[in-house]
Amino acid sequence: FYTRAAPLRDAQGEIVQWFGTNTDVTQIEKAQEELRAANRRKDEFLAMLAHELRNPLAPISTAAQLLKLSDLDPERIRRTSAIITRQVQHMTELVDDLLDVSRVTRGLISLQKERIGLRTILSDAVEQVHSLIETKRQQLSLEIAGEMPSVMADRTRLIQVFTNIINNAAKYTPEHGRIAVRVKQDADRVLVAVEDNGIGISPELLPHVFDLFTQAERSPDRAQGGLGLGLALVKSLVELHGGTVSVTSAGTGRGSCFIVSLPVADGGDAGGEKLRSES
Ligand code: ADP
């Protein structure tokens, strides 16, 4: 403890009482260490960000040089411009995520809520990830227990939530893996579980997957790219919808399961969609 004390004196200058404060130094040291760790994470994040933004520039530049050649056949031109489009799209997604994180952190995201059935949301999200799933020859199934409830949600933002989670499931699951999206209603909540049989999440990483700037420090390898912004955004967006998101994994190599819980829109299932299970 660090003690600071001051005397209270009477008219003759005699000390009649001491006033003091005791400060727990270990608490201060702990807070300072946390600050230093947060700073380190930010520095690492900046380095990673620079790297991720720098990476696509080389192929874009080479492709642009190639396109200047006059003797390129149409097929080569098509393939070369596809490289540019893909890399620019990757950079755009990254910058969009960064802008979103900054908006969420400053409380600047406003939701345009409407009553929507989850079916459209989930099919749109699956659609966004379709080509990755197809390329990796993975199997995706959508299972709905009972009726599909409606939620009060911002369509674009909720699609973004599920696209992120399903995209991760595809990204962190090897070829021919399985991804299951299951929906069920539990009283006034609807639960959407996205389960994969991919690389899984270690017990050390598990409590931190929703933190900002986590990936650099803790991910076992950086082979998959990415900045670790997606799930932090997912969490903020789900919470803005009055929901929660959680994750379980039996460990490395044993798959992961993300569960989003959202309040069902008032008025029960009216307006919800009747659905049968499909694969
Ligand atoms: P990114 O994928 O860009 O790194 P995310 O915020 O989406 O960022 O994910 C954070 C981390 O959580 C990932 O780097 C990865 O280690 C882990 N992760 C997320 N989803 C899965 C999943 N389905 N399977 C295994 N690990 C996952």
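How many nonpolar, polar and charged residues are there in the lining of the second largest pocket? By class, that lining holds four nonpolar, seven polar and five charged residues, where Ala, Val, Leu, Ile, Met, Phe, Trp, Tyr, Cys and Pro count as nonpolar, Asp, Glu, Lys and Arg as charged, and the others, Gly among them, as polar.

Before you select anything, note that this is a predicted model, in which local features need pLDDT of at least 70 and side-chain atom pairs count only at pLDDT 80 or more, while totals for chains, interfaces and linings use all residues. Residues are numbered from 1 along each chain as its sequence is written, and side-chain values use heavy atoms, with hydrogens and water left out.

**Stop 1: the second largest pocket**

Select R178, A180, E195, D196 and N197, which are the closest to the centre of the second largest pocket among the 16 residues that line it. A pocket here is an open set of points on a 1 Å grid over the protein atoms alone, where a 1.4 Å probe fits, with protein on both sides within 12 Å along at least five of seven lines, and lining residues have an atom within 4 Å of a point. The volume is about 200 Å³, taken as the space filled by probe spheres set on the points, with grid points joined across faces, edges and corners. Next colour β4 (139–144), β6 (178–186), β7 (189–196) and β9 (256–263), the elements that each give two or more residues to this lining; β6 gives the most, with four residues. Helices (H or I, at least four residues) and strands (E, at least two) are DSSP runs, numbered from the N terminus.

**Stop 2: V181 in strand β6**

Stay on strand β6 and pick V181, which is buried, with a relative accessible area of 1%; buried means under 20% relative accessible area, exposed over 50%, and partly exposed in between, with a 1.4 Å probe and protein chains only. If residues up to four places away in sequence are not counted, V181 touches L122, S141, L142, E143, I166, V192, A193 and V194, contact meaning heavy atoms within 4.5 Å.

**Stop 3: the largest nonpolar core**

Now select L118, L158, F162 and I166, which touch the most other members among the 53 residues of the largest nonpolar core. Helix α5 (residues 155–171) gives the most to this core, with eight residues. A nonpolar core is a set of buried Ala, Val, Leu, Ile, Met, Phe, Trp, Tyr and Cys residues joined through side-chain atoms within 4.5 Å.

**Stop 4: helix α7 and its cover**

Move to helix α7 (residues 230–240), whose buried residues are G230, L231, A232, L233, V234, L237 and V238. What covers them includes α3 (74–105), α5, β8 (244–248) and β9. After α7 comes G242, with a positive phi near 75°.

**Stop 5: an aromatic pair**

Which two residues form an aromatic pair that is edge-to-face? Show F210 and F258, whose rings lie 6.0 Å centre to centre with 85° between the planes. Rings of Phe, Tyr and Trp (its six-membered ring) pair if their centres lie within 6.5 Å, and planes under 30 degrees apart count as stacked, over 60 as edge-to-face and the rest as tilted. F210 lies in the loop between β7 and α6 (215–218) and F258 in strand β9, so the pair ties together parts that are 48 residues apart in sequence. Both F210 and F258 are buried.

**Stop 6: two loop residues with positive phi**

Select R137 in the loop between α4 (118–135) and β4; R137 has a positive phi of about 50° although it is not a glycine, and at 53% relative accessibility it counts as exposed. Then go to H176 in the loop between α5 and β6, where phi is near 65°, a positive value in a residue other than glycine. At 56% relative accessibility, H176 also counts as exposed.

**Stop 7**

Finish with R54 in helix α1 (residues 25–54), which is exposed at 54% relative accessibility. R54 and M91 are 37 residues apart in sequence and 9.4 Å apart in space, C-alpha to C-alpha. T92, in helix α3, is partly exposed, with a relative accessible area of 37%, and its C-alpha atom is separated from that of R54 by 13 Å.
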